[in-house]
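Please find below a short report on the fold of one protein chain. The sequence and the model are shown first.

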Amino acid sequence: GGSAALIVGVLGVEVDYAWVPRFFQDPDPEVIVVNSHVQTIAGNVILAAPLSLTRESLRPYAVMGIGAMDTYAEYYREPSLQVDDTLPAFNVGVGAIGMLGNRTGLRFDLRRFTNLDRDTPSGTTFGPARVHFWRGTVGVVFRY
């Protein structure tokens, strides 16, 4: 995955994309999910610590936004249970950006994703299902 952000002062905007393969799979060969993934794309608002406090060291931030979550699961010998849905989603999290030089740095964050639709049908349950998970990331920052 990846993201692009623009932070001016303490406020910013971001577009975030991630693709997680084998999301619903288990290494146990008895589990019937043979192929799966979750994909997220979101537009977010960032609230960052002021540069006057952090002075280009580790700069903490909070982030939240809305977007879409694509879920897919393929089951062994049960094609009627296949799940392939795109759901409205919400995410919220915290992180920090640490610059190593004038143009490059590292970014760490932890986010909670959840679908917004409480009536999401699921092929694996007998009623509505909710997809929610935590995602931790570490990435390289390029500043222009």
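The structure described here is a predicted model. Its 7 strands form an open sheet in the order β1-β2-β3-β4-β5-β6-β7, and the pairing is antiparallel. Strands β1 (2-8) and β7 (132-142) stand at the edges with a single partner strand each, so one side of each has no neighbour in the sheet. From one strand to the next, the twist averages 20 degrees. In a regular strand, side chains alternate between the two faces of the sheet.

**Strand pairings**

| Strands paired | Bridges | Residues facing each other |
|---|---|---|
| β1 and β2 | 7 bridges | L6 and V13 |
| β2 and β3 | 11 bridges | D16 and A42 |
| β3 and β4 | 15 bridges | V33 and Y75 |

Strand β2 covers residues 11-21 and strand β3 residues 33-48, while strand β4 covers residues 59-75. V13 can be followed across the sheet: this residue of β2 is the bridge partner of L6, and in β3 the bridge partner of V13 is V45.

Most residues other than glycine have a negative phi. R22 is not a glycine, yet it has a positive phi of about 55 degrees. This residue is placed in the loop between β2 and β3. Is R22 buried or exposed? R22 has a relative accessible area of 57% and is therefore exposed, the cut-off for that class being over 50%.

N115 lies in strand β6. With a relative accessible area of 0%, N115 is buried, since the cut-off for that class is under 20%. What does the side chain of N115 reach? The side chain of N115 reaches the backbone nitrogen of V131 at 2.7 Å.

**The largest pocket**

Rolling a probe the size of a water molecule over the atoms shows where empty space is left. In this model the largest pocket has a volume of about 850 Å³. Its lining consists of 31 residues, and A5, I97, R107, V141 and F142 lie nearest the centre of the pocket.

Which strands supply at least two residues each of this lining? They are β1, β2, β5 (83-99), β6 (104-115) and β7. By residue class, the lining of the largest pocket divides into 16 nonpolar, 7 polar and 8 charged residues.

Technical notes. Residues numbered from 1 in each chain as written. Predicted model: local features only at pLDDT ≥ 70, side-chain atom pairs only at ≥ 80, totals over all residues. Heavy atoms only, no water. Pairing = 2+ DSSP bridges. Helix = DSSP H or I, 4+ residues; strand = E, 2+ residues; numbered from the N terminus. Axes fitted to C-alpha atoms, helices over the stretch in contact; angles between N-to-C directions. Buried < 20%, exposed > 50% of the residue type's maximum accessible area, 1.4 Å probe, protein only. 1 Å grid on protein atoms, 1.4 Å probe; cavity = no way out; pocket = protein on both sides within 12 Å on 5 of 7 lines; lining within 4 Å. Points joined across faces, edges and corners; volume = space filled by probe spheres on them. Nonpolar A, V, L, I, M, F, W, Y, C, P; charged D, E, K, R; others polar. Polar contact = N/O pair within 3.5 Å; in protein donor to acceptor, adjacent residues only side chain to side chain.
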